[in-house]
Amino acid sequence: MRKTIAIFALLFGLLHGGRMMAQMPGGEPVVVSSKTQTINGKRYYVHIVQRGQTVYSIARAYGLKEHDALIKTDVSRLSIGDTVWLPVYGDAKPMANDSKVSVVKPDASVQRTPVAVSTQVQTLNGQRYYVHVVQKGQTVYSITRAYGLKEYDAVVKKDIHFLEIGDTVWLPCRNAKIPSDAVVAQNQGNRGGASSEAFNPSDTAIIRQRVSNENIVISLMMPLCLDQMSSISTTKFDIEQRGKTNYKSFEFIQFYEGIMMGLNLLQQQGVNITLNVVDVPDNKPETVDRLFASHHVAESDVLIALLTRQPFARAAELARQNNLMIVNPIATRDEILNRNPYVFKCSPSEASKLSVVFDMVQARNNNSHIILVHSGGNSDKALLQMATQLLDQREGMSYSVLGWAANTKLKSMLAQNPNAVVLSLYNVDASKNRIFVSQLLNKLSADKEHPALLVSLDDWTRSISDVDYNQLQQLSYHTFYTGWDYTNAAHIDFLQQFREQYKTEPVDQYAAIGNDIAIYFASGLNLHGSEFWHNPVLGPMKGMLFPMSFAQKNRSFGFENNAPRLYRLENFVFTESR
């Protein structure tokens, strides 16, 4: 029997006047923190944001200006629980006499958690590491000291000055000299398993059975913005102006169309699927709450959520509360995996991209030398640290680090290393990136005596509109290409079907991402049932365009795609690097 895909909950004709506006709750008084932290030799108050507080109200409480505050998020998107660092200036005077300011004195009874040496060991690239999960008050210094190591031995995937509870630190076993009186974390009884310090059972995923044995239930939450359809003109002029006009209804529509193509393929194979489509018309977390409940999203086998940061964070929390797996199609932020083992991040991690690059370099020539080019600022500091740590773990790989401010040294580096691979980590902003790319290409292309191979993690042919393809070709440019591979039969077949079905050309990769996610997760559930979530790894699947393979850093974190694909520009066409 031919199976059908049931599609329900498309939201048409929502009336603007019928929406309820949430009342802004009253803010908590700003409590001046006594906790300080030293970052790059400078002392800061560490302030945790409470309800209703703003950067202005916080800075004012500490006797500072808004621009003095150091934050890791958008100032207009400050959320409860975010951290704000306030510099401890000699003239800064917290306004303790203000009725809305309270000063908390340190509690002498509060003690930091002693560093317990973990018994959990993990092997990465042939090197064995102790896996340590950060507890309250612990720093890279205190952790490495407990293991008998130096700070530079620790492998951390973020700025070491901003370690948070639950972050993971890897300590190399071969160098460790654990003191005889060290505190050792107790195992939970499973050989080689996680320590009681490392994992809280409440932070691990509870795997549910499938909702129905008859079909797979998928919920899709995304901004189709169907309530705006009546205001859109379909005249030729307006259609041509689509890219210049805020037509939100068209922004992600091809992702939805790609999902439908993937599900239609599975339908032809006899897989029965119910698709619950939920239009999320704005970025308010309370809207996500309402729609999650009204459309019974919890009664699904998996939730695909193409949402921006705040609504996705809320959807992920609701998924965690309901033991529901949730898929993020395009986010690159690793923090969405933090302490939520139900999240699947489809965008490959920077660490996996670096590993693929280093594998390519080693396969190309064991004597190759890598030159890591970076901005010299904080924008790519964590990525540079990650790259050097991964390189240190590999035998026989040499590298140099070049801050672009000292780019005159590039020529001498190339002369000293005839098999050099230049890996660009530079990423500041669009305008500066464009200038940097132009300068780097000019310098490398001009040096005919010392040809180098050029690699970037982001695709310059997409991000830099006027990039010189001739120079890229000359330098055997490698990158994680995000366009269509016209040498791949699956890509060609998908493009033809998409054009026939939707009478238009797919833009960017939204359609491909939607197609792959639909096929991957629906196939996994169809073939393996709920057991798929214990090991969400599949072999090549018919109809998929890009590879996926998911793994966890540990059981309390979400899953991340670790299967990026590296491409080479050859004869002005990108082909997969073998």
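Here are some questions and answers about the terms.

This is a predicted model, where local features need pLDDT of at least 70, side-chain atom pairs count only at pLDDT 80 or more, and totals for chains, interfaces and linings use all residues. Residues are numbered from 1 along each chain as its sequence is written, and side-chain values use heavy atoms, with hydrogens and water left out.

Q: Why is Leu475 called buried?
A: Buried means under 20% relative accessible area, exposed over 50%, and partly exposed in between (1.4 Å probe, protein chains only). Leu475 has a relative accessible area of 2%, so it counts as buried.

Q: Which residues is Leu475 in contact with, leaving aside its neighbours within four places in sequence?
A: Contact means heavy atoms within 4.5 Å. On that basis the partners of Leu475 are Leu441, Leu444, Ser445, Ala452, Leu453 and Leu454. Take Leu454: Leu475 is 21 residues apart from it in sequence, yet 5.8 Å apart in space, C-alpha to C-alpha.

Q: Where is Leu475 found?
A: Look in the loop between α13 (469-474) and β23 (478-479). Helices (H or I, at least four residues) and strands (E, at least two) are DSSP runs, numbered from the N terminus.

Q: What makes α5 and α14 roughly perpendicular?
A: Axes are lines fitted to C-alpha atoms, for helices over the stretch in contact, and angles run from 0 to 180 degrees between N-to-C directions. Under 35 degrees counts as roughly parallel, over 145 as roughly antiparallel, 65 to 115 as roughly perpendicular and the rest as oblique. The axes of α5 (residues 253-268) and α14 (residues 489-502) cross at roughly 110 degrees and come within 11 Å. So α5 and α14 are roughly perpendicular to each other. Residues making this contact include Met260 and Met261 of α5 and Phe494 and Phe498 of α14.

Q: How do you know that β19 is mostly covered?
A: Count along strand β19 (residues 369-374): six of its six residues are buried. His369, Ile371 and Val373 sit on one side, with Ile370, Leu372 and His374 on the other. In a regular strand the side chains alternate between the two faces of the sheet.

Q: Why do we say that β19 and β20 pair?
A: Two strands pair if DSSP finds at least two bridges between them. β19 and β20 (residues 398-403) have six bridges, in the parallel sense, so they pass that test. In this pairing, Val373 stands opposite Leu402 in β20.
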